[in-house]
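Hello,

Here is the model I promised to pass on. Please have a look at it first, and then read my notes below.

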Amino acid sequence: MGFPRRIVLIAALLGSAVSGLTACSSFPFWSAGKEEDADIKDEYADWGPAQFYAEAKHAMMDGSYEKAIKLYEKLEARYPFGDYATQAQIDVAFCYYKNNEPESAIASVDRFIKLNPTEPHVDYAYYLRGLINYNRGIGFIDRWLPTDSSQRDPGSARDAYNDFETLLNKFPNSQYRDDAKQRAIALRNNLAMYDIHVADYYMRRRAYVAAIRRSAEVIQKYQRTQAIPHALKIMEDAYRQLDMPQMADDIARVYALNYAEGRLSKDEQYERTVMEEVWDFIGFDK
């Protein structure tokens, strides 16, 4: 007895389908991915570490950071040992930094420091980490228009300050010391003035106790910065608002003793930015 006609037809259809799949495997759209991978591998098949590094360095100097990142990472993956791989680890961090990828840049720097704690130029890694955090959060407007950096989120500024302080403490003879020191001073002033902005905000909200506490923190943490006289004036005003004249007079005497002219110097005077004036005019803070 033969097979039913329906079963024969199904078997024939399945056989045709399998044959079709086998035939299609030779079509370009089935093998495009494999051919592309083969082309990429062939492109670098004969490259040694020196050629990888030279090409990556050239791309970096030309500002082709994405290409440089790709080449540096291939160099380290194929030749993980030796001077070229070590240099690639820190160079790729710089490329990520210049390509506005701070998270990847920080991760690369941290990895370099972890793998090469005694490398002769590890101080550069700490310096680069500070630069990455120093420039974090700076947008187009901040780069091209005068803005008050002390009003930005201080998170990255604190990280950058700690990075530069670490460099100064661990590597006192580093060639990056002078620049790191100047940046650390600027960051410290900005961090102090950020707290002054917060204290001033509390004053405008009549949260006088909070304003006093924040100002006292400024005086304790940021001696010898331009924020100190501002903190003293806020504290004096807050105590008077709280009807505590004795405390206010004590603060006034401290101010007078340290600022004999009775007013801030031009460098110490705080001028409200245009954006602050606009913000207050619109009334979003009220």
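Helices here are DSSP runs of H or I with at least four residues, numbered from the N terminus, and the expected span of a helix is 1.5 Å times one less than its number of residues. This is a predicted model, so local features need pLDDT of at least 70 and side-chain atom pairs count only at pLDDT 80 or more, while totals for chains, interfaces and linings use all residues. Residues are numbered from 1 along each chain as its sequence is written, and side-chain values use heavy atoms, leaving out hydrogens and water.

Let's start with helix α13. Its 14 residues (245–258) should span 20 Å at 1.5 Å a residue, which agrees with the 20 Å between its end C-alpha atoms. A248, I251 and Y255 of α13 are buried (under 20% relative accessible area with a 1.4 Å probe, protein chains only; exposed is over 50%). Seen down the axis of α13, the buried residues fall within an arc of 65°, so they line one face of the helix; the arc is that of the directions from the axis to the C-beta atoms. Turned away from that buried side are the exposed Q246 and L257.

Y255 and Y259, both buried, form a tilted aromatic pair, 5.2 Å centre to centre with 35° between the planes (ring centres of Phe, Tyr or Trp, its six-membered ring, within 6.5 Å; under 30 degrees is stacked, over 60 edge-to-face, the rest tilted). The charged end of K233 sits over the ring of Y255, 4.8 Å from its centre (NZ of Lys or CZ of Arg within 6 Å of the ring centre and within 35 degrees of the ring normal).

Best wishes

Methods
Helices (H or I, at least four residues) and strands (E, at least two) are DSSP runs, numbered from the N terminus.
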